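Here is a walk through one protein model, written for someone just starting out. Keep the picture open while you read.

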Amino acid sequence: MNKLNPEAEKLNTIIKESKPTIYRLLSEKGKSIYFPKKGLLSQGSEAKGKKINATIGMAVEDDGMPMRLPSMANIVPLDPKDVFPYAPSCGIPDLRKTWQKMIREKNPSLKGKISLPVVTNGLSHGLSMVGYLFIDPGDKLVVTNILWENYTLIFEYGCRARFRPFNTFKNGRFDTESLKNTLAEEEGKQIILLNFPHNPTGYTLTDVEADRVVDIIRESAEQENEIVAITDDAYFGLAYKTGICKESLFSKLADLHENVLAIKIDGATKEDYAWGFRLGFVTYASKEISEETCRALEDKTAGAIRGNISSASHLSQSLLLKAITSDTYKDEKVEKYNILKRRFDKVQKVLFNDEKNYSTYFSALPYNSGYFMCLKLREGLNAEKIRQTLLNKHSTGVIAVGNLLRIAFSSVAEGDIPTLFENIYDACKNEYAEAS
Ligand SMILES: Cc1ncc(COP(=O)(O)O)c(C=O)c1O
């Protein structure tokens, strides 16, 4: 490893002295990264408001406003200062503070200190940055064996981690025992990635299962394992059934044990229906974490971002801030939630009534939240073939994941849901008849 920069050493010392566990959990890259306090951006921000500012690599008009092309400025109804200049690498301060306040509002049982969220270029980028900071090549990542395919790109190929998959469901429930057994297989550093509502299955833990998962992580921490517990909350807020977790698991992990560093990944992408904004957040918590350690982790994250994309879009951040502080935001969210909930209810109804005997050919994996649900096909049916038939003969698109079909009911009008399942049924029936 290259010799550490004194600024990285300073951050490491802060972390090591108050939270040696977190220091040990950092990757080699995580230990060496820092946000340059005396670098271009910091020197530039110190010169802000000075009569003459010849610091930063941007151009200004003679009146000091950001230089801009009217063809762009005229179509964005925001103050040019909130659009055209670079945003800070860690994100614009008001957005970070507002998002932090919202995390607390949405997760009322969350106790203890949490860091200010650091803004990333979408959640995938947030996950990559967490990989940068906490995963060394060869480190292992505990994940469900049914998972979002981008985890493979981010963690297996991007970070050179190896997956330690545990079984997702057993007898229609989340397989907490498999999580427990998988964790128990190794000692020392443990990295766990949990995603609810889950992609691709659309599953959220019941309250009872969530308590069990948290107990398992606590027990592992009590056995002196040191744990990075990452919650990917991309689909937060879309829980459609009673008795399932309405809060993020982060609430329960944040203050769980000295040996647990909880990291929350969330953002506007799915939660606020702003996929193209590319805005995510990384937030840290650990039992009795100090303000200084939070700042040091934020600085390291900002350093990783600076060396990677430099900063996320200022325009997107300003738009999101305006939206989430608007009077109508909460009502608008309820309205969209209700649309998705009605689609979810329709899927349940169509499958429950099962007038056509859909269960001859497929059955649903547990689902209760989010954007998706998955169908398990009966033996002898090939998901990719069914997908092709649906495309070519029924003008219907679904995703084949191994031998599952992932159905994004979030993107199908309620009125089309019965036809969607009829089409799947017909494709399965024909395929089965041909195969046998
Ligand atoms: C589970 C999960 N996490 C993260 C993301 C990534 O979100 P983003 O588009 O903000 O990178 C997705 C997107 O599909 C997802 O399904």
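Seven bridges tie strand S6 to strand S7 (residues 226-232), and the two run parallel. Remember as you look that this is a predicted model. To spot the pairing, find Asn195, which stands opposite Asp232 in S7. How does the chain get from S6 to S7? It crosses through helix H10 (residues 207-222), and this β-α-β crossover is right-handed.

S6 has another partner too: two bridges join strand S2 (residues 140-144) to S6, again in parallel. Here Leu141 is the residue that stands opposite Ile191 in S6. So how much of S6 (residues 189-195) is hidden? Six of its seven residues are buried, so the strand is largely enclosed by the rest of the structure.

Arg160, in the loop between helix H8 (150-158) and strand S3 (162-166), has a phi near 60°, a positive value in a residue other than glycine. Asn357, in the loop between helix H15 (329-353) and strand S10 (362-364), has a positive phi too, near 65°. For comparison, most residues other than glycine have a negative phi. Are these two residues buried or exposed? Arg160 counts as exposed because its relative accessibility is 55%, and that is over the 50% cut-off. Asn357 is partly exposed, with a relative accessible area of 45%.

Now for the ligand. It is surrounded by 13 residues, and the closest are Ser124, Asn199, Asp232, Tyr235 and Thr269.

| Residue | Distance from a polar side-chain atom to a ligand oxygen atom |
|---|---|
| Thr269 | 2.5 Å |
| Lys270 | 3.0 Å |
| Arg278 | 2.8 Å |

How much of the ligand does the protein cover? On its own the ligand has 400 Å² of accessible area, and the protein covers 92% of that. Helix H7 (123-134) and helix H12 (268-271) are the elements that give two or more residues to the shell around the ligand.

Helix H6 (residues 93-106) has 14 residues and reaches 20 Å from its first C-alpha to its last, close to the 20 Å expected at 1.5 Å a residue. Which of its residues are buried? In H6 those are Leu95, Arg96, Thr98, Trp99, Gln100, Met102 and Ile103. When you compare their positions, bear in mind that an α-helix has 3.6 residues a turn, so residues three or four places apart point the same way.

The other helix is H11 (residues 250-253), which contains Ser251. Ser251 counts as buried because its relative accessibility is 6%, and the cut-off for buried is under 20%. What does its side chain touch? The side chain of Ser251 makes a polar contact with the side chain of Asn107, at 3.4 Å.

Note on methods
Residues numbered from 1 in each chain as written. Predicted model: local features only at pLDDT ≥ 70, side-chain atom pairs only at ≥ 80, totals over all residues. Heavy atoms only, no water. Buried < 20%, exposed > 50% of the residue type's maximum accessible area, 1.4 Å probe, protein only. Helix = DSSP H or I, 4+ residues; strand = E, 2+ residues; numbered from the N terminus. Pairing = 2+ DSSP bridges. Right-handed = clockwise from strand over helix to strand, strands pointing away. Expected span 1.5 Å × (residues − 1). Near = heavy atom within 4 Å. Polar contact = N/O pair within 3.5 Å; in protein donor to acceptor, adjacent residues only side chain to side chain. Areas by Shrake-Rupley, 256 points an atom, 1.4 Å probe, with all protein chains shown as cover.
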